[in-house]
Amino acid sequence: MEAIILSGGLGTRLRPLTYARPKPLLPIANRPMLAHLLDRLPEAVDRAVLAAGYRIDDIRAWVDENPHRVDVTVVEEEEPLGTGGAIKNVEDEITGPFLCFNGDVIANPPLEEMIELREETDALGVLALWEVDEPEHFGVVDLDRDRIRRFVEKPDPGQAPSSLVNAGTYCFHEDVLDWIEPGRKVSLEREIFPELLETREGLRGLPFEGHWVDCGRPDVYLDAHEILLEGETLVADTATLDGEGSDWACLGEDARVSAGARLSRSVLLEGAEVEAGAHLENTIVGAGARVGKDAHLVDTVVADGLTVEAGSDLDGARVGGGKQTPPEEARFEEVR
Ligand code: GTP
């Protein structure tokens, strides 16, 4: 059985980190998102097909340099085809029913049960469903036992038919590919799913519990760390933490935090450095970047290789592209 992993998005909401590497290769708890996903594939899957479109050479290099339990094939998309078009583009690789994943979701959906439910019902698709606190911000699923009745996009407060949302993980029958027009941009969620509801066996949904984080924004990227690290600090073997970590922090290979620096809910990618007296909160420091002495960074993202001047005071900034983005232009919440 194949698993398609959608890995071709530009990851604009995680810029500037995604200027230097594709989102599926950004580490969560010091392992690329893609590695977490490949680890989770059930026994039934023997081949992963990566639908790649952005920084493909980085993805190929990572696949070649690391061992995997399953065979991994990287398929190139010449221009972004959207979530549906990307699946159609890898049609030649598919030999039967298959799993499909958004490449930026850290979660524990019940993959075996999804495969079984699809077989039992003969539906074209089964969606993993996740319960959220504020359904008005999401596309909500109206579920009748395991059959999806309809999708309601961003319902008015109090009007949502349920709190269940599409978790970005699917099991499909291969015939689903016949529903997608080739060679054009197609959204699985907006164009194909509504049509599949009308088929005889419809679309099925399977709610699950545990954890689910769509790591598309800096704040949720940090949340994913909090969940996987269970609030503990993770320091890679070759990293040095001489300063303090409160709540939790994550230090990648060769990262270095000097004595007298303080980190809280913050991630340092490989080779990042934080100098004495600096204080970081809810902050991500890119690979090889440096935060100078006594700098104070809150809700900030620093691009790979940049330096934040000593004594800087940044709140909600994206430091990238060779200059420091003023906070008023770069609040997390203003990023979709
Ligand atoms: P943003 O630009 O920040 O919205 O991120 P994104 O481009 O990754 O989009 P989004 O988070 O909506 O994508 C969900 C998943 O689908 C991610 O794993 C993307 O890599 C993937 N994806 C989105 N669009 C495409 C596409 O056109 N082609 C392929 N192959 N994958 C895509």
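**Entry 1: buried area between the domains**

I looked up the area that domain 1 and domain 2 bury between them and got about 1,600 Å². Of this area, 71% falls on carbon and sulfur atoms. The model is a predicted one, and I read every value below as computed from that model.

I then asked which residues of domain 1 lose the most area to domain 2. They are P16, L17 and N30, and together they make up 31% of what the domain 1 side buries.

I checked the domain assignment of the chain: domain 1 runs over 2-214 and domain 2 over 218-324. For the contact I noted 18 residues from domain 1 and 26 residues from domain 2. Taken over C-alpha atoms, the centres of domain 1 and domain 2 are 31 Å apart.

**Entry 2: polar and charged links**

How many salt bridges are there between domain 1 and domain 2? I found a count of 1. I also looked up a salt bridge between the side chains of R21 and E270, with an N to O distance of 2.9 Å. Residue pairs in polar contact between domain 1 and domain 2 number 6, with both residues at pLDDT 80 or more.

Next I noted which elements build the side of domain 1 that touches domain 2. At least two residues each come from α1 (17-20), β2 (27-28), α2 (33-40) and β13 (212-214). I sorted the residues of that side by type and got 11 nonpolar, 4 charged and 3 polar.

The peptide bond joining R15 and P16 is cis, with omega at about 10°. I placed P16 in the loop between β1 (2-7) and α1.

R55 was my other backbone entry: its phi is positive, about 50°, although R55 is not a glycine. I located R55 in the loop between β4 (47-52) and α3 (56-65).

**Entry 3: aromatic pairs**

I listed the aromatic pairs of the structure and have 7. Among them I took W130 and F208, whose rings are 5.2 Å apart centre to centre. What is the angle between the planes of W130 and F208? I read 50°. The pair counts as tilted because stacked would need planes under 30 degrees apart and edge-to-face over 60.

W130 belongs to strand β8 (residues 125-131), whereas F208 sits in the loop between β12 (203-207) and β13. I noted that the pair links distant parts of the chain, with W130 and F208 78 residues apart.

How values were computed. Residues numbered from 1 in each chain as written. Predicted model: local features only at pLDDT ≥ 70, side-chain atom pairs only at ≥ 80, totals over all residues. Heavy atoms only, no water. Domains from an automatic or database assignment. Contact = heavy atoms within 4.5 Å. Buried area = accessible area lost by both parts, 1.4 Å probe. Salt bridge = Lys/Arg side-chain N within 4 Å of Asp/Glu carboxyl O. Polar contact = N/O pair within 3.5 Å; in protein donor to acceptor, adjacent residues only side chain to side chain. Helix = DSSP H or I, 4+ residues; strand = E, 2+ residues; numbered from the N terminus. Nonpolar A, V, L, I, M, F, W, Y, C, P; charged D, E, K, R; others polar. Phe/Tyr/Trp six-rings, centres within 6.5 Å; stacked < 30°, edge-to-face > 60°.
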